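Subject: Handing over a structure

Hi,

Here is the structure I promised to pass on to you. Please have a look at it first, and then read my notes below.

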Amino acid sequence: LSADESFQLLIDTEVFTFTHLYTNAKVKPEFKPEYDVINDFMNDSVKVVVTSKKLSDYQIQYLRDTQIIARTTTYAYDALAIVTNRQNNDTLIKYNTIKDIFLGKISSWKEINPKSKLGNIRVIFDNNKSGSIRYFKELFEIKDSLPTNFYAVNNNPEVIDFVSRNPDAFGIISVNWISDKDDSLSMSFINKINVVAVSQQYINDGTYYRPYQGSIYDKSYPFVREIYLISRETFAGLGSGFINWACAEQGQRIVLKSGLVPATMPIRLVQIKH
């Protein structure tokens, strides 16, 4: 199993639970950037991948020509969180401001808030081959290279670490790394950073949304993406068994507990009044 490292905490839990229930099953997850995950799949190094990118028409046709039918199942919904340093007081950012940062039109914190004491914005993301950066490039229709104030590290934990140490940083991570309230690693990360609330694209009514489960589910948080399980098995083997289990009740409960939104399980939204 090759999985986008954005989803490591979730997939580790799924695999751990699955292999404890089915003790004869051996599943070895490898976590890599999205680009490498898709390459593994196309090269037949793995039978199942976890990714937020669907195969292209060309890739599907290429596999068909070799008698392989790729089966894609939507398994969960994830969000891309914007995170900032604890010393940064700007925790509400408009959708179009984030777009302008990606387009290179805004490059300093003073352009977002004239009272800010911070200098230039350093945008930190997980990897040059990452699905997070591909998501934003597609969303904002960026054909060229990113502005010069964008920096790649190696993975999501490194983004969190860099942001926690640099007041001018603007980090992009999968919410999977900070959403599980019962996971000590997840909670240690959330205590180091601010999670920014973002306005919706077209509605400017002063409401901002954080990437919590409810706002991922109803898409009021604007940066939501699907997580797919894709199999290339030609028979009903362990890979498709794992996918069926992950998309059934037990696997979807793990998604729910991890702070993401299950794709195949009915959801009930509960309004909590403070």
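The model is a predicted one.

Which residues of H7 are the buried ones? In this helix, which spans residues 156-165, they are Asn-156, Val-159, Ile-160, Phe-162 and Val-163. Viewed down the axis of H7, these buried residues fall within an arc of 165°, so they line one face of the helix.

Asn-155 provides it, with a side-chain oxygen 3.0 Å from the backbone nitrogen of Glu-158.

Six of the six residues of S8 are buried, so the strand is largely enclosed by the rest of the structure. Cover is found on both faces: Ala-169, Gly-171 and Ile-173 are buried on one side, and Phe-170, Ile-172 and Ser-174 are buried on the other.

How does S8 pair with S4 and S6? With S4 the strand runs antiparallel, and five bridges join the two. Within S8, Ser-174 is the bridge partner of Leu-80. With S6 the pairing is parallel, over three bridges. Here Ala-169 of S8 has Arg-122 standing opposite.

Now for the protein as a whole. There are eleven helices and twelve strands. A compact globule with 274 residues would have a radius of gyration near 19 Å, and the protein has 19 Å, which agrees. Along the principal axes, the C-alpha atoms fill a box of roughly 60 × 45 × 35 Å.

Of the 274 residues, 51% are buried. The protein exposes about 13,800 Å², and carbon and sulfur atoms supply 49% of that area. Among contacts with a separation of 6 or more, 72% are between residues 24 or more positions apart.

Best wishes

Methods:
Residues numbered from 1 in each chain as written. Predicted model: local features only at pLDDT ≥ 70, side-chain atom pairs only at ≥ 80, totals over all residues. Heavy atoms only, no water. Buried < 20%, exposed > 50% of the residue type's maximum accessible area, 1.4 Å probe, protein only. Helix = DSSP H or I, 4+ residues; strand = E, 2+ residues; numbered from the N terminus. Arc of directions from axis to C-beta. Polar contact = N/O pair within 3.5 Å; in protein donor to acceptor, adjacent residues only side chain to side chain. Pairing = 2+ DSSP bridges. Rg over C-alpha atoms; globule rule 2.2 N^0.38 Å. Contact = heavy atoms within 4.5 Å. Areas by Shrake-Rupley, 256 points an atom, 1.4 Å probe, with all protein chains shown as cover.
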